[in-house]
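This report covers a pocket and the helix packing around it. Please keep the sequence and the model in view while reading.

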Amino acid sequence: VDYATGAQTNNRAKQKSGLYELAKLYTGAKRRRGPIKAFSRSIRSDVIDLTTEYGDINETRKLLKIVDAEDDYIKLIERMATAKIQSGQFPQAYKLYAMVLKENAKSPRAPELQQKLIQLAAEMGNYKALVINLKLMLQNYGYAKSDWQKANSKRPQMLIKTEKLIEDLIYEYAVALDNDGRQNNNAQNLAYGIELYNLYLKRYSASKRAYEVKFYQAQILYLRQKPLESAKAFLSLIKQNPKGKFLNDSLEIMVTAAQVAYENDKKQYKLPQPGAAKKPQQIPEIRQVYADSLNLFSKYKPQDPNTVAMLYTSASIYYDFGHYRRANKDYLRFITKYPNNQFAVNAAARVFEYHRLQATKREYEQLKKLIARYPTLKASQDLAFYFQLPKPEPKQAPADREENAVMTAKADGGEDESGEQEAQAAAQGQSQGEDP
């Protein structure tokens, strides 16, 4: 009677008082038989109607909790949020969804509510909030040990569907932010794209999309002027997926990024005299990545016109830092394959210089015979000194000297046996090292 009278006379206080009494009656009677379901539906409907009319969310929450109507409360908030969205009040709708999600964190509908927050953040252009909500979605609903998955463990199909939803959302928004950043030269959105790509790979590294994500991620690193990181990412990607659909693009960007990093490296390194180092020095990361990139590019694009210079440059990096075992083999293979190339004389001179300083007389004579096979090199005035030079036997062989360096290099340019099983990429340019 109180509720009906309040409704008829527009007396909100009496109407609310009546609803509370009805709710209490429901609570006391909900275990009894009778028309309790119809009674419950009536109270819920009236509560929703009253709240819609007066907008008193707190009162609604209390009443619906009394009658165990969590779903009705969520639906009510959704209805109110939809009205806000239709009138362009996105921040207010966002607050409503955030509130109902916080109060129903273990509800089966929680991921759906989190998705609403993500969509609203995107609509408002608040990409920081978008990224935060995607991270929360993965953290709260994407792992088997999360409280939400434990609370809903008896709904396996829903869990599978939610996992797929999370993966799709992270991928789609990562690509969208990446594309927007590229098209509008927006560094911040590129940064958000990288952040979401990292998030995706952390959880879905075994997914079919992981290859594409790694490719886009490496591209963004180059666009954000991080050439060394980009080259390293492409090196890893190509090694893992040598037949990937982005192989050619990956090779081109990798070698370009590696060369930019190499050219930007202004550090002055203390290098040994050519051929004179007694033990190898640590190759700086920038130089190592550059050499690996040149080798890998040459491996997959041997017909590229820049490959010749790349092979020579890679060998020179190893030589400059005293890695003569690897460098001499690479130089000799280069000479075997390109004896008439402009770099062949330099390569031969460097191998000669190492043998002059550190090899045995027998090894030196073997080298002279090998180089003499190539008329261009034998006739070179730059190599005349080495062909005429007698080689005395050193009193003590150096610790790092390669045993019979010449003979271990196959004349037909066979596979490298130095432990570097995969050659690694490319880039133009010559070594910074000093030729003898």
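## The second largest pocket

The second largest pocket has a volume of about 160 Å³, where a pocket is an open set of points on a 1 Å grid over the protein atoms alone at which a 1.4 Å probe fits, with protein on both sides within 12 Å along at least five of seven lines, and where the volume is the space filled by probe spheres set on the points. This is a predicted model, in which local features need pLDDT of at least 70 and side-chain atom pairs count only at pLDDT 80 or more, while totals for chains, interfaces and linings use all residues. Residues are numbered from 1 along each chain as its sequence is written, and side-chain values use heavy atoms, with hydrogens and water left out.

The lining (residues with an atom within 4 Å of a point) consists of Pro108, Arg109, Pro111, Glu112, Trp148, Met158, Lys161, Thr162 and Leu165. By class the lining divides into 5 nonpolar, 1 polar and 3 charged residues, with Ala, Val, Leu, Ile, Met, Phe, Trp, Tyr, Cys and Pro counted as nonpolar, Asp, Glu, Lys and Arg as charged, and the others, Gly among them, as polar.

## Helix α10 and its partners

Helix α8 (residues 127-141) packs against α10 (residues 156-183) at an angle of about 155 degrees, with the axes 10 Å apart. That makes α8 roughly antiparallel to α10, a term for angles over 145 degrees. In this contact (heavy atoms within 4.5 Å), the α8 residues include Leu130, Leu134 and Tyr141, and those of α10 include Thr162, Leu165 and Tyr173. The contact has 13 nonpolar, 1 polar and no charged residues.

Helix α10 also packs with α11 (residues 187-204), again at about 155 degrees, with the axes 8 Å apart, and the two are therefore roughly antiparallel to each other. Their contact has 14 nonpolar, 3 polar and 6 charged residues.

## Helices α6 and α7

Among the residues in contact are Phe90, Tyr94 and Tyr97 of α6 and Leu113, Leu117 and Met124 of α7. By class, this contact has 14 nonpolar, 1 polar and 2 charged residues.

Technical notes: Axes are lines fitted to C-alpha atoms, for helices over the stretch in contact, and angles run from 0 to 180 degrees between N-to-C directions. Helices (H or I, at least four residues) and strands (E, at least two) are DSSP runs, numbered from the N terminus. Angles under 35 degrees count as roughly parallel, over 145 as roughly antiparallel, 65 to 115 as roughly perpendicular and the rest as oblique.
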